[in-house]
Amino acid sequence: FDARARVRNFNPETLRALGVTSDVLRGPADLDLHAAQSKGRLSYRAQLASAAGQVLAHGELDAQRTLWLHLETGSLEIAKITTLELPALGIALDAQLGLGTPDKQDLRVRLLRGYYGAWQLPEVNATALREQSGRVIVKGVEIKQAHAEITGQGQLEPDGALQAALRASIPDLSELPPLQGAGVRGGVNAEVSLQRGADAQLDARADVRVHQLNTATERAEDISVKAHISGQIARPIVQLDVRGQQLLLANRTLGEAILAVGGGPDRYQLSLDADQHFIRADGWAEPREGGWNGGLQGTVALAQGPVSVQLPLLRFVPDQALEVTQLRAAFQQAVLFVDGKLDLQGKTSELRVAADVPDMASLTQTLGQKPLPGHAELVGTVRGALDRPQLDVRLRYMHGPKVAGHDSEIALGVWARPEQGRARVDLQAKAGKAHVDGKLDSRWSRRLPLSAAVRAARHD
């Protein structure tokens with residue numbers, strides 16, 4: 001037989017007439033089909049044409065019931081006829097599906113060439129087998145790009161059990177299209193294995209080695225990552241070890257850095273040690289009542305003095321709230337305190353912040369600035385909805401530079417109640433015999449955001 005079919009102006013209205021609800025297609029397309037059978041072979045050819053470009057497919061089903069396919073496109077600009085904002089792409093591939101025996105089907109796919117935007121796609125070869133029982137065996141997947149190569153295989157059982165393994169060898173990251181021109185160089189070798197039982201129990205292992213990693217500003221001689229994750233996916237048992245040698249970060253060279261994460265399923269521990277306690281951190285986390293509780297303490301031993309952070313308790317409930325309990329950070333004599341709750345739904349947050357800098361001269365000199373004498377204190381509270389927060393902030397600067405033999409002082413207060421449409425700023429300053437006492441008062445419609453206070457301000 002010899003059969004031909006043509007479809008013209010297939011468009012969104014056509015989909016709606018067929019009862020398909022979709023907003024993806026927004027432009028028309030034409031389809032031509034041709035199929036013919038002769039001497040036990042069924043050959044076919046299809047062409048899809050639209051403003052986005054052309055897709056050509058042809059092949060045959062031979063007497064041994066092997067289905068052959070060759071698919072090739074020109075430059076496809078999908079965004080011209082769909083709502084998908086994708087760059088231009090093009091591919092050429094061959095596929096072969098064996099249908100000769102009822103108890104199994106063989107599939108072979110080879111991506112000959114292709115591109116996605118400015119990126120050239122890798123060569124891909126894949127072979128898979130589906131048995132009558134429902135088992136799917138991926139005999140092999142091979143991906144090659146320049147000198148990089150990734151290989152893998154796996155097996156999926158009808159009951160959901162899964163086995164998979166992957167190996168990657170990338171001698172030079174700069175050869176990969178996404179990183180070309182990004183200034184990233186280095187090599188990666190990796191081995192990953194995954195097993196999942198029918199009972200959803202997981203056992204995954206990874207061994208990754210990165211060598212001679214370089215960017216424009218950072219460098220790492222060697223990075224090793226070893227991971228083992230087992231148990232239930234939601235609350236697994238974890239053992240993670242990350243080690244880096246000769247790291248250049250923020251213009252400082254670290255001889256060695258070690259990050260370790262372990263524990264589960266009820267509690268996890270974290271530790272970080274860089275350059276023999278130059279950076280030291282210890283933390284913990286545990287699942288609690290639909291969220292996570294955790295804590296952290298750490299120090300950075302700077303030449304100007306240690307920076308320390310203590311967070312006894314941090315609670316995170318996804319899509320609901322982040323609660324900070326008595327966060328304390330210190331550098332030299334300066335101290336920062338943060339405590340309260342951040343409502344991730346933006347309604348009932350309440351954060352309290354306090355800072356004390358008793359020796360401003362020492363701190364400003366350490367930061368490379370001209371020494372500024374004095375003592376600064378800050379106390380503040382933020383409450384309510386994040387887009388209309390209630391503010392109470394007070395700043396005091398005391399024992400500042402002397403003017404006419406007297407210390408200068410500044411006191412600043414900010415008060416805002418967006419739900420009342422009111423805000424106020426109070427300022428008191430003294431320098432020698434000069435005194436400033438000012439007030440800025442603002443009222444505006446409660447329907448407007450807090451930024452409206454600036455436009456409505458009056459001052460005395």
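**Chat on strands and side chains**

Student: Which strand is tryptophan 119 found in?

Tutor: Tryptophan 119 is in strand β8, residues 119–120 (strands are DSSP E runs of at least two residues, helices H or I runs of at least four, numbered from the N terminus). This is a predicted model, where local features need pLDDT of at least 70, side-chain atom pairs count only at pLDDT 80 or more, and totals for chains, interfaces and linings use all residues. Residues are numbered from 1 along each chain as its sequence is written, and side-chain values use heavy atoms, with hydrogens and water left out.

Student: Is histidine 375 buried or exposed?

Tutor: Histidine 375 is buried, because its relative accessible area is 18% (buried is under 20%, exposed over 50%, partly exposed in between, with a 1.4 Å probe and protein chains only). Tryptophan 119, at 40%, is partly exposed.

Student: OK, and where does histidine 375 lie?

Tutor: In strand β25, which covers residues 375–384. Its side chain makes a polar contact of 2.7 Å with that of aspartate 356 (N or O atoms within 3.5 Å, one able to donate a hydrogen and the other to accept it within protein; residues adjacent in sequence count only if both atoms are side-chain atoms).

Student: Switching topic: how do β19 and β20 run?

Tutor: Antiparallel, with ten bridges between β19 (residues 279–288) and β20 (residues 291–302); strands pair if DSSP finds at least two bridges between them. Tryptophan 284 has glycine 295 in β20 as its bridge partner. In their hairpin, with two residues between the strands, glutamate 289 takes a positive phi near 50°.

Student: What about β20 and β21?

Tutor: Antiparallel over ten bridges, with β21 spanning residues 305–317. Glutamine 297 stands opposite glutamine 310 in β21, and a hairpin joins β20 to β21 through two residues.
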